[in-house]
Structures are given as C-alpha cells and as structure tokens.
Amino acid sequence: MSKKLKVVALLAGTLIVNGAALAEESFGGWLINFDRTKEVKPVTDKRYLKECGECHFAYQPGLLPARSWEKLLNADALKNHFGDNAEFDKDTLQAIHDYAVENAADKSFYKRSRKIALATAEGEAPLRITEVRYIKRKHKDIPEKIVKGNKDVKSLSNCNKCHTQADKGVFDNDTVSIPNYPDWDN
Ligand code: HEC
Ligand code: HEC
C-alpha cells in the first residue's frame, strides 16, 4: 500500500470505529466486528444484568424476538413470571423492556440471533428460549438424565451451567461442558 493510501485507510478506519461507538448495531459496527457477530450480542445494560440476573442467567435479548419480549416484559405478565413474582417499578420496567425490545433477535445482526429470528418468523412469540425451534433442535439429542436428572443443571433453561461462555453471548459447541458429564459428546 502506498503511504497516501495507508493514511486514507487509517482515517476511514477511525471514522468507522467512531461511528460504531455511537450506534453499536450500525452497519459499520457490524462490518468491522464480523467475527464477534457470529454469536449473540452480550448484555451491556447494567440494570438489565442486575434485575434479570437475580433468579437465573440474564438471557441476552437476542435470544428471543421482540414480540416475545413484549409479552414477557409488562407489569401484568411479570406478576406471574413462570410462577414467580418478578415485578419492577415503572421506570425500571420501562428501561428493561426497551433494552430487550431494541436488542431482540429480529433486530440483531448477530448470526445466532438471525437464526432465532428465522425460526420464529411466522409471527410466533415463544415465552421460552427453550421453545424456539432452533434451540430445541440443537439440544434434542441430549438425554434427560444429564439435564433434568443432573443436580448441577436441573433445567435446559440454565444455559450457563453447560455453556461456559454464555455470559459473553457465546454458545458454540466448543465451549460446552456439561457438569458431571464432562466427556459427553453426541
Ligand atoms: C423472582 C425471580 C425472577 C426474576 C427477577 C426474573 N425471572 Fe425470569 N424466570 C424465573 C423463573 C422461575 C423462570 C422459569 C425457570 C425454569 O423453568 O427453569 C424464569 C424463566 C425466564 C425465561 C424463560 C427461559 C426458558 O427459555 O426456559 C425468560 C426468557 C426469562 N425468565 C426472562 C427474564 C427477564 C428478561 C427478567 C428481567 C426482567 C427476568 N426473567 C427476571 C424467575 C425470575
Ligand atoms: C445440559 C447442558 C445444556 C444446557 C442447560 C443448555 N445447552 Fe445449549 N447446548 C448444549 C450442548 C451439549 C450443545 C451441543 C450440541 C451438539 O453437539 O450438537 C448445545 C448447543 C447449543 C447451541 C448451538 C451451538 C452450535 O455451535 O451450533 C446453542 C445456540 C445453544 N446450545 C444455546 C443454549 C441456550 C440459549 C441455552 C439456555 C436457554 C442452552 N443452550 C442450554 C448443552 C446445553
């Protein structure tokens, strides 16, 4: 590359990086972070992490379509959230709701989120990630005894028990380790 071209490339790079910082999910951001976007966007919102990580793994919004979050994250629904009361004050709820909807699977460039969006494209609004066809298919060969019958897992909903980098939004096969069954492979 000539010196002049290098300078131009550097300048363009800086512009793209700055642009991406302003709008994380912008096209520019997607382009320069192509590798990172293979998985699911990690949770960056501290309030969401705290409130939604209290009883279970703080599921990334990119694991369900916006329609699902609309159904899950409203005052009425949260009074009986899978048998638990998970009510929040109005401001907190609004912030969490908006964060989830804005980062939902059908609004994300991340590859696994795209797959989830496709799997629920027919207007489906599953209330559980574990009911999304794509997620169901990926786990169909795992025997019950090493999920429900496993005292250190208990439920397929506990993603982070087996996916060692779930909190980073990484669910790749290579990062799976099932407690008490470290050598399980299908
Ligand atoms: C008071 C406890 C509590 C809080 C707080 C809570 N949840 Fe839950 N959540 C539960 C329980 C219990 C389940 C059912 C878990 C199971 O079946 O293993 C659940 C399940 C879920 C599921 C379905 C998981 C699946 O695929 O099976 C989603 C999605 C979910 N919660 C999202 C959220 C979000 C988003 C927040 C923050 C607004 C939140 N939860 C806060 C208790 C809570
Ligand atoms: C009992 C352990 C366990 C739990 C709990 C679990 N998974 Fe998995 N998951 C696996 C295993 C094992 C595989 C790899 C299956 C295979 O080899 O094809 C997998 C595969 C996946 C894949 C596909 C990875 C790839 O490279 O194609 C995704 C996405 C995924 N899981 C997401 C989740 C999410 C989201 C949750 C929680 C709602 C979850 N998993 C809960 C064990 C688990």
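Some ground rules. The model is predicted, so local features need pLDDT of at least 70 and side-chain atom pairs count only at pLDDT 80 or more, while totals for chains, interfaces and linings use all residues. Residues are numbered from 1 along each chain as its sequence is written, chains are lettered from A and ligands numbered from 1 in the order in which they are written, and side-chain values use heavy atoms, with hydrogens and water left out.

Ligand 1, then. There are 23 residues around it, and Cys-52, Cys-55, His-56, His-81 and Arg-128 come nearest; a residue is near if one of its heavy atoms lies within 4 Å. By class, that shell has 14 nonpolar, 6 polar and 3 charged residues. Here Ala, Val, Leu, Ile, Met, Phe, Trp, Tyr, Cys and Pro count as nonpolar, Asp, Glu, Lys and Arg as charged, and the others, Gly among them, as polar.

Helices α3 (46-52) and α4 (66-72) each give at least two residues to the shell, and α3 has the largest share, 3 residues. Helices are DSSP runs (H or I, at least four residues), numbered from the N terminus.

What holds the iron atom of ligand 1 on the protein side? The protein donors are His-56 (NE2) and His-81 (NE2), lying 2.0 Å from the iron; donors are N, O and S atoms within 2.8 Å of the metal, or 3.2 Å for Na, K and Ca. His-56 is in the loop between α3 and α4, and His-81 in the loop between α5 (75-79) and α6 (90-102), 25 residues apart.

Now the polar contacts, pairs of N or O atoms within 3.5 Å. Oxygen atoms of ligand 1 lie 2.6 Å from a polar side-chain atom of Arg-128, 3.0 Å from a backbone N or O atom of Thr-130, and 3.3 Å from a polar side-chain atom of Ser-155.

On to ligand 2. It is also surrounded by 23 residues, the closest being Lys-138, His-139, Cys-159, Cys-162 and His-163. That shell has 13 nonpolar, 7 polar and 3 charged residues, and α8 supplies the largest share, 3 residues.

The iron atom of ligand 2 has His-139 (NE2) and His-163 (NE2) as protein donors, 1.9 Å away. His-139 belongs to helix α8 (residues 133-139) and His-163 to the segment after α9 (159-162), 24 residues apart. For reference, ideal angles for six octahedral donors are 90 or 180 degrees.

Both histidines also have a polar side-chain atom 2.8 Å from a nitrogen atom of ligand 2.

Conventions: A polar contact is a pair of N or O atoms within 3.5 Å; within protein, one must be able to donate a hydrogen and the other to accept it, and residues adjacent in sequence count only if both atoms are side-chain atoms.
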